[in-house]
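User: I'm new to this one and would like a friendly walk through it. Can we take it a question at a time?

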Amino acid sequence: MALAAFTGAPPVQDQEPAVRRKSGIALVLLLPGVLYLVLFFLTPLISLIITSFQAPVVDGDIGQYQTAFQWQNYVDSFSEYWPQIIRSFGYALIATAAALLISYPLAYFIGVTMRGRPLVQNLLMTLVIAPFFISFLLRTLAWKALLSDDGWIASSLKALSILPPDAHITGTPFSVIFGLTYNFIPFMCLPLYSTLERLDTRLLEAGQDLYASPWTTFRKVTVPLSMPGIVSGTLLTFIPAAGDYINASQDFLGAADTSMMGNVIESNFLVLQNYPAAASMSVILMAVILVIVGFYVRRSGTEELL
């Protein structure tokens, strides 16, 4: 007390109510967000996990299930749909790598090369964001029309003998991966641009002054400094691409032999009414993504992003 009076600071007893009052205000401010997460994230997740363990009702109709603890649902789902599981993550990985190869030079050009021309920089960023103003479904349908057998792309490639006369573009792994890459490029480009736009170009000049080649400067300076953008972009691209069901659907760019986990989940939920199988596949998808993301972030040394 004497020390507090000497230094002019309020006594400890007077500080405690203020601290409790600030803590109460913080809890009140956090309450809407916590309620939102509980209502729209935690509750559906718990319901999904409970559904994944359900068992069919004895002598019941199709789609009737009862609460149970049937681990066999996961075993059956994995053993039956393991090709779709592997295909989903394979397609997502290839699409993410392709999006990174396309987006990195684009983001570097916009964020670093065009830094002194803000008008051109803003115009280019608007063009990158522009696809968001069009429905995901409409964009995919447009590419289905362009890549169809009657479209000018396939017709031109066949006329130039690049494709055989009976070849198809839609309904192939190429068209599905192409659709994934195209639709998710903005998710890759924006985090990269955000990081590269803040890149200190004096560090690049220092590398040149130290007689480093452009490739060495890029590998030793640019890439490490842009690693947060690379990690964020790959996560924002890989996660939705692995669970996508539109591009691989037979109604869009895919076929029966290009179906992914999203198509299996959709079919079991809406067509077959096999809710435990669909729920177990959803849980498997989330679990595998969490493992892959955790391993990737740890290996890249950017754990603070989690």
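Predicted model: local features only at pLDDT ≥ 70, side-chain atom pairs only at ≥ 80, totals over all residues.

User: How do α3 and α4 run relative to each other, roughly parallel or roughly antiparallel?
Analyst: Helix α3 covers residues 72-113 and helix α4 covers residues 118-129. Their axes come within 9 Å and cross at roughly 150°. Angles over 145 degrees count as roughly antiparallel, so the term for α3 and α4 is roughly antiparallel.

User: Which residues of α4 meet α3, and what is the handedness of that crossing?
Analyst: On the α3 side, the residues are L106, F109, I110 and G111. They meet Q121, L124, M125 and V128 in α4. By class, this contact has 6 nonpolar, 2 polar and no charged residues. As for the handedness, the crossing of α3 and α4 is left-handed.

User: What about α5 and α6, are they roughly parallel or roughly antiparallel?
Analyst: Helix α5 (residues 136-147) packs against helix α6 (residues 152-159) with the axes 5 Å apart. The angle is about 25°. Angles under 35 degrees count as roughly parallel, and therefore α5 and α6 are roughly parallel.

User: How many nonpolar residues are in the contact of α5 with α6?
Analyst: From α5 come W143, L146 and L147, and from α6 come W152, I153 and A154. The contact has no polar and no charged residues. That leaves the nonpolar class, with 6.

User: Where α3 and α10 cross, is the handedness left or right?
Analyst: The axes of these two helices come within 9 Å and cross at roughly 145°. In α3, the contact residues include F89, A92, L93 and Y104, and in α10 they include I230, F238 and A242. The crossing of α3 and α10 is right-handed.

User: Which element gives the largest share of the largest nonpolar core?
Analyst: That core has 32 residues, and F89, L180, M261 and M281 touch the most other members. Elements giving two or more residues to this core are α3, α7 (173-196), α10 (227-242), α11 (261-270) and α12. The largest share is 9 residues, and the helix they come from is α12.

User: What does F89 contact, beyond its neighbours within four places in sequence?
Analyst: F89 is one of the residues that touch the most other members of the largest core. Setting aside those sequence neighbours, its contacts are F238, A242, M261, L285, V288, I289 and I292.

User: How many residues are in the second, separate core?
Analyst: Among the members of this other core are M188, L199, L204 and V221. Its number of residues is 17.

User: Is S282 buried or exposed?
Analyst: S282 sits in helix α12, residues 275-300. Leaving out neighbours within four places in sequence, S282 is in contact with L48 and I265. Its relative accessibility is 11%, and buried means under 20%, so S282 counts as buried.

User: And A248, buried or exposed?
Analyst: A248 lies in the loop between α10 and α11. Beyond neighbours within four places in sequence, its contacts include V176, T258 and N263. At 2% relative accessibility, A248 counts as buried.

User: How far apart in space are A248 and W71?
Analyst: In sequence, A248 and W71 are 177 residues apart. C-alpha to C-alpha, the distance in space is 29 Å.

Terms used. Residues numbered from 1 in each chain as written. Heavy atoms only, no water. Axes fitted to C-alpha atoms, helices over the stretch in contact; angles between N-to-C directions. Helix = DSSP H or I, 4+ residues; strand = E, 2+ residues; numbered from the N terminus. Parallel < 35°, antiparallel > 145°, perpendicular 65-115°, else oblique. Left-handed = near helix turned anticlockwise from the far one by under 90°. Contact = heavy atoms within 4.5 Å. Nonpolar A, V, L, I, M, F, W, Y, C, P; charged D, E, K, R; others polar. Buried < 20%, exposed > 50% of the residue type's maximum accessible area, 1.4 Å probe, protein only. Core = buried A, V, L, I, M, F, W, Y, C linked by side-chain atoms within 4.5 Å.
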